Structures are given as structure tokens and as C-alpha cells.
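The sequence and structure come first.

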Amino acid sequence: MTTILEPEVREDEVATVAGQPGADRARPDHLDLLESHAIFVMREVAAECERPVLLFSGGKDSAVLLRLAEKAFRPGRFPFPIMHVDTGHNFPEVIDYRDRRAAELGEELLVASVQDSIDRGRVADPGPEGTRNRLQSVTLLDAIAEHGFDACIGGARRDEDKARAKERILSFRDAFGQWDPRNQRPELWHLYQGRVRTGEHLRAFPLSDWTELDVWQYIEREAIELPSIYYSHRRPVVERGGMLLALSDWVTAGPGETVEEAVVRFRTVGDATCTGAVRSGASTIAEVIAEVASSRVSERGATRADDRFSETSMEDRKREGYF
Amino acid sequence: MSSLDGAGVGTGSELLRFAAVGSVDDGKSTLIGRLLHDTKQLFDDQLEAVATASRRRGVEGVDLAFVTDGLRAEREQGITIDVAYRYAATPRRKFVIADCPGHVQYTRNMATGASTADLAVVVVDATAGLREQTRRHCCIAALLGVRHLIVAANKMDLTGWDEAAFRTVEADMMALSRRLEVESVVTVPVSALHGDNVVEPSAAAPWYRGPTILAALEEAPAGAWAQEGGAGARLPVQWVVRQPGGGRSYAGMVTGGALRPGDEVVILPGGSQSRITEVSTYDGPLEEAIASQSVTVTLADDVDVSRGDLIAPVEGAPEPVAELEATVCWFAEHPLEAGQRYRVKHTTRVTPARVLSVESRLDVGTLELGPAARLGDNDIGVVRLAVATPLAVDPYRTNRVTGSFVLIDEATNATVAAGMVGAPVLAAAPAG
């Protein structure tokens, strides 16, 4: 049973806790706390780093990041540009959304293109239907070097993957862009220290402690607009490797594969060649929340072919400099 | 006990942050894996991946430790290297779980996980009892301000559910807790491997009538970390916002109490005074800003305020100091000694610091402070520091934000120490 240690030993401390001011005041709920902490992290990164950048994919997590940046820095401008690492294999709805949001915010949008990396011979072209997901690391690291960025603010969450579950909120990258999961800096309290030497950089993850459900609840609370593909719609898909891939310029039905008109939505948004759709009739935020809350399959498990290569796909990609 | 998949859908849930601590191989990761599994927090694909990883390593059945031990090296060695954060929800609460490494080499990572925890789940192998590393972890957790412990007396199946083995763990943990500033201790006999008393009550220990681990987690005080009494409100300035029409306001996260328009405040360490005219967020003005809220404040006067300064009500404001005494956990291979220079990060200010002296070192076995000239890797001790810019500090016991700092190596930028203002509070050992 619970043992409360004897009051005669602990009288002063017990009195402090019981009598503290504001004990009866309405406490902030978990979304308030997550929001407040994320704003705090963004301001620390902006203040401690010389040249940060916010990574924006057009997905739901980076949409939340933009709202948090507004909350952290308005009425001022964002103290960083926004950058999209573009694989060239995009859903058109997402690119429209990206450009519209950047224009609405009046902030600088940079696009780092995987196609450019291929054209310059930095990476090999995986072919018209090959995945460009892993190639993004090279494009991202080249852009970091070109612009001299010393911190990248990203929307990755610890609940997404077992390697991400291990990562610090401010995560150090060496001069080669590598993450060393066996030798991370201690990160005590909310004392985020962002000092790096030239050539090294940080990844900052303000949404570290948010779950997929938290993100959707926040999108509902803040009425954040998302690309339409996050909601139920009808589109031609082909089933491949247990995933539903949307037909596009880069995904066509192979021999023996049948095209199906399916009612789907996207749970994550990434490279179109490796991001699967899920069958869903959820067409409103509330319906998506109900669906996410009762799902038996994880977000990445349901939708990301790139995580299925091996047991430690994400760890291996992150070591190379991936998001 | 209560468990439900997809629970916690409603907003407005309470959030409890806890850290699983204890010695290596006592079963922390297995316990957290079991807790997540039995509360149905694991997705089917995650469970399948854990089963596959277990088979590949010749483990019989499913090794639930692989739920949190996600790194390649961790699975190879069967140990936890760094903290894994996991998330769980029951109808009553949301949980942020930090599964900490037990190995002494990774004590810095355990401290990372425990530094933001409201509560610690201390896992003890009931066949072996408390180890030095169990004591070290409890000691660090208590110094960091964790006031509530749930003790999992684990591997009870290997004792044949021997009540005497459980009572020994319970008594030893009570004795240890009385020496530390711990307010409540719940000890539960469990088998993380088989799931007894983790989520479901077990018939294996009819002599035990207390809660399961989950029930104890649901009943423990949530949000304890942010609830610091005594010192009063403080706002470390993070960011200066220039208003479009001219004028400035100051952004930061409030700690220690509430700030309201009309409050007479002092800006530290400079000492100039002003009055708060507005407290607001992006969503509009507030009647008051409470601890853990990120806000912006505007002052009545055009005083000099920049990042690193502290805004506090004139009444009860801390006194800036150029020298301070602190309890530190040392995390570097080279020893901490008098004369060394570091950078200190305290709230939002970074300033050079010099070690004036090492006052004492804590023996985690006896919980006594003894004289020492230096602190080695993973040692806890008391030091005196001189800082280049005076710091507006509070004792750690009255405010965890203004009472804490880290030391940064000037050459490598590594974080080499966690510091807490003031000497550790340790009750004397009972006589005899």
C-alpha cells in the first residue's frame, strides 16, 4: 500500500505541497502543456543558434510546427526560413498547400531538390519508379552546408518509431551529419543547450512528446488546415507489399497488379512512391480522431514502405543524416 | 484494472511523467514493455516486429524489453543504452514514460530521463535486493526532486512468491526513502515477465492486498514536477519581441507562481524596476500567466531587458549571486577539480564559470557526504562556483527552473554536469 512517510519527519515538505498557491486553480490540460513546451523549444533554438531553419514537408506535423512558430514569434517574422526537401515525387495537393501556406505566412520558402542532387551526380537516380526517400538525406545535408544552417527544426515525434523514441529534443549531428545514438548529450530539465562547432549542427524536435492523437486533437482545437489527402477521398490505387499506393506518374500498375478505385486517406505524407494510403471513410477531423484512437496499426507501419527494409531502418537512415 | 485501447480520446486529460529506474538487468525495460502490452498500447505491427526480433535472437516467446530497447546495439547486448520515451493513455490519465538505462556507464542518460519526471518506478530484482546502482538511481531521482516512488519488487516468480523476499525489498526501500526527500513509497510484488500485478492483480501473492503498478500510477499525484511552492513567480526572458508600433515585449515560460498585469517587478541581475502592463499569448491577453505557460509580458517603462534576464515580482525576488554552492552530478571521464573553467547554462543565460572548490562527495552506499578533492565520472558532490555574470538563482528545492543549471565543456560543447543550487538534503542514518 501507499506509505506516506511520517509527518514528524517530513512536516515542512508536506505543508509546502498541501498549501501551495494555486493548487485549486484549473490546471492546463495536456495539449496546453505540449504547446507551451514546443513554443519554449522553438524560442530556445532561435535564440541559441546562429542560423536555424524549419523543415516543412506539407504534412500534418509540420503544419502544426508552423502554427507553433506563429505562436512563438508573431507579431514578428519567423527568425528562420522554411525549407522543403522535395523528392520530386509529390502529391500535387501537398505542393499547392505548401506554396499557399508559405505565401499566407509571408515567410521565406526554400526548396532543396532531390532532382538537383541527381542532376549534379551527388546521388544515383533510382529510376522512374524507385523510391527517393533515402536520397533526401544527401539533399538535406547539402542544403545545410550550402546555407550554413546550424539547426533544423523538424516535426518528428518519439512515438513514430523505436529509434526516434531514443532521440533528444535537441539532437546533435557531427560534421558529417551523423547521429550517434550511443553518445548523445545529456539533456537535463528544460535546459536545451545548442552550442555546436562550425560544420556541426542540431536537429530540434519540438513535437517530441506529442503522439499522433495529440497532433490531431491540436489540429482540431486550432482549426489547422491540412492538404485534402489527409481526409477520405476516392482514388485509383494498387496494392503492393501490403500497402495501397496511389497511381501517379511514378507509380503504375505492374504485371499481375490490378488497379482499384478505393476510398482512402493518407495517414502520413511523404515520397509518393513509398507512402501508402489507408482505407478510410473519415472525412472530418473528428472522424479522423476517432479512427486514430481505435487504430491497431501504427502510423508508419500502415503507410511507410521505407521502414520495412530491416529491423533498424529508421536508426540506419537517421545515422546517415535523415530527418 | 482499468485499461482500454484507444483511451484518452478526450482532451483535458491529466499528464503524469514517470521514469523507470534501477540497476541493470533488474527488468526495467521488460516491465515497461509489459505495462504497454497489457494496457493494449502496442500496435499490432509493433508487437509483430518485437516477436520477429525475439525469434531472430533465439529468445523463447516474446521479449517485451525489445519494445523500448530499439537500438541495434541495445538488442545485440540485451541492455538499455539510452532513455526510450513511450506514451500511454488510460481512461484516467496520459503517461509519458522514460525507460532509463541501468548500467552505471549510462547514468547521465538516466539523469536525463529522471530530470523531468513527476514520479519514479524503481525496479528491484527481489532475488538480489537493492544494489549500489539502485541506491544511486534513487539518490539521483530524489536529488532531482522526484518525491514519489513506486517500487516494483520484480522477478517474484523466481523467489517462488516468497513474502519474506518482498518484505526485505519493501523495508530496504523504506529505509532508503527516509534518508532522501521522498514523500510516498508504494511497493508492489510483480513478475514483469509473466505480468503479475503489473496491470492485472495476481493470485500468486495472496498476502499482498495493495495496488498493481498501473493502479498506483493512476493514483499518484500528476504534474508534481511543475508544482513548486514557495519561491514565487519568475520569468526567464527567452526572446525579445519588437512590437510593430514600437516598443518591446518579453517572451518566456513562467515558473514558480503567477504573473499578472499590475505586478511590480524587478529585472535581474541589473535591478531596474517596472510594472507589468500586459500578459499575453498569440491567442490574446491573459488575466494571469501561471507556471509552465509560455507567454509574452509588456512592461510600463522602457527598461533594458535582454535574453538571460529574469523578471520577478519585487516582493520575494531572488538575489543575484556571483558565487554559489551547488550539488552536481558529474558526467565526464576527466575529473571535476578546482580551478577548471566551464560555461554554465542557467535558465536562458550562458556565462563562463570557474570551479572554486570541490567541497564533498556523496557515498551512495552510506548516503554520507565526505571530503573530496575531485569528482569522477557519475559522482555526485557539492562544489562552489564563481560565475562571470551574476545569476538570479533560487535553491533547487524551491524552484527547479531557477535552481538548476548545466555545465558545458568549452572545447567540445559537451554537457558535463547537472547542477542544483544548494547542498543535498539527506536525513541522518538512524542511530544503531
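Is Trp210(A) buried or exposed, and what is its relative accessible area? In this predicted model, Trp210(A) has a relative accessible area of 1%, which lies under the 20% cut-off and therefore makes the residue buried.

## Extent of the interface

Contact between the two chains involves 108 residues of chain B and 73 residues of chain A, and the area buried between them comes to about 7700 Å², with carbon and sulfur atoms contributing 53% of it. On the side of chain B, the residues that lose the most area to chain A are Tyr87(B), Trp239(B) and Tyr282(B), which together account for 9% of what that side buries.

## Polar and charged contacts

Between chain B and chain A, 27 residue pairs are in polar contact, both residues being at pLDDT 80 or more, and the rule finds eight salt bridges across this interface. One of these salt bridges joins Glu48(A) to Lys345(B), whose closest N and O atoms are 3.1 Å apart. Sorted by class, the side of chain B that touches chain A comprises 44 nonpolar, 35 polar and 29 charged residues.

## Aromatic side chains

Over all chains, the structure holds 14 aromatic pairs. Among them is the edge-to-face pair of Trp210(A) and Tyr218(A), with 5.1 Å from centre to centre and 85° between the planes; Tyr218(A) is likewise buried, at 0% relative accessibility.

Ring pairs also link Phe73(A), Phe78(A) and Phe80(A) with Trp239(B) in a cluster. Elsewhere, Arg158(A) lies over the face of Tyr85(B), 3.7 Å from the ring centre.

Terms used:
Residues numbered from 1 in each chain as written. Chains lettered and ligands numbered in written order. Predicted model: local features only at pLDDT ≥ 70, side-chain atom pairs only at ≥ 80, totals over all residues. Heavy atoms only, no water. Contact = heavy atoms within 4.5 Å. Buried area = accessible area lost by both parts, 1.4 Å probe. Salt bridge = Lys/Arg side-chain N within 4 Å of Asp/Glu carboxyl O. Polar contact = N/O pair within 3.5 Å; in protein donor to acceptor, adjacent residues only side chain to side chain. Nonpolar A, V, L, I, M, F, W, Y, C, P; charged D, E, K, R; others polar. Phe/Tyr/Trp six-rings, centres within 6.5 Å; stacked < 30°, edge-to-face > 60°. Buried < 20%, exposed > 50% of the residue type's maximum accessible area, 1.4 Å probe, protein only. Lys NZ or Arg CZ within 6 Å of the ring centre and 35° of its normal.
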